[in-house]
Amino acid sequence: MKKIFFPVLIFLFSSTLLTDCKKDKGLPPALPPVESMTIDFSNFSSARKSLEVLPVQKGTLNSNWEYAATVAGIWKLILTTTLALPVTAFDVAVNQSPVFVSGKTWQWSYNVTYLNVLYKVRLTGLIGASDNQWKMYVSQDGTGGFSEFLWIEGTSKIDGTGGQWTINQDPQSAVAFLQIDWAKTANVVGNIKYTYIKPGSFKDSYIQYGLTSDPLNAFYTIHYYNGSKFSDVNVAWNTTTKNGHVKSIDYLGDADWHCWDSNRINIICP
């Protein structure tokens, strides 16, 4: 009887340990959406190659839209250059399966090819009491490569309604250059703000993008160093019809809105 009882006891004890371990692991933290890192610039794709604001000629056929597009283009350049690789690398994590590491930490490990170069990515998510903590490391093998560069770190609320990212510039100059604050309403990231935090004349410049229920249902609030001083610009537009308006005391000379229609042509504001 004792010979039978002892193995059964061991089996039950082992099963209990395995069950407890599974319970301890729980579920991995939900990844923030890649939209938490990106601002919509689709209505302001300008043919202008220069990011200088002053050459925009006031009063010309589409100068109101062109001015808004040029100022927004300064920030769009950041998205399409410095942010392009880390954002692409983060986006791929959505289709990967994480593994449990220890405590409340999970890890996503995968490869990403960007501009024909292979990168290794390691993303960790630590579940906290009210926030999840994220760190994304990127490595590149070979000549000119680098190892375990912390490209992105940040936090997101447990309920997924918002968070903050810090983006480090690149492996060659490992300095924090951009802070991203984001908030989500329903299933949409409805408010996102880029703040330039790298030391220099452009430091503390920002662009805030949001969606509203107004007829002009999207907006930018921009504060930036224009080469000689900090300037403020407000832009609002309709994401469907594409008409909108812009306000800038420094450049346009008054506190009035200056409008354009769905063809980007200047009009008198209603």
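A salt bridge here is a side-chain nitrogen of Lys or Arg within 4 Å of a carboxyl oxygen of Asp or Glu, and the count by this rule comes to 4. We're looking at a predicted model, where local features need pLDDT of at least 70, side-chain atom pairs count only at pLDDT 80 or more, and totals for chains, interfaces and linings use all residues. Residues are numbered from 1 along each chain as its sequence is written, and side-chain values use heavy atoms, with hydrogens and water left out.

**Salt bridges**

- Lysine 203 and aspartate 204 pair up through their side chains, N to O at 3.4 Å.
- Lysine 120 bridges to aspartate 141, with the closest N and O atoms 3.1 Å apart.
- Lysine 120 sits in strand β3 (residues 117-127) and aspartate 141 in the loop between β4 (131-140) and β5 (146-157), so this pair ties together parts 21 residues apart in sequence; strands (E, at least two residues) and helices (H or I, at least four) are DSSP runs, numbered from the N terminus.

**Exposure of the partners**

- Aspartate 141 counts as exposed at 53% relative accessibility, while lysine 120 is partly exposed at 43% (buried is under 20% relative accessible area, exposed over 50%, partly exposed in between; 1.4 Å probe, protein chains only).
- Lysine 203 is partly exposed at 32%, and so is aspartate 204 at 44%.

**Around histidine 258**

- Histidine 258 belongs to strand β13 (residues 258-260).
- Beyond its neighbours within four places in sequence, histidine 258 has contacts (heavy atoms within 4.5 Å) that include Asn64, His245 and Cys269.
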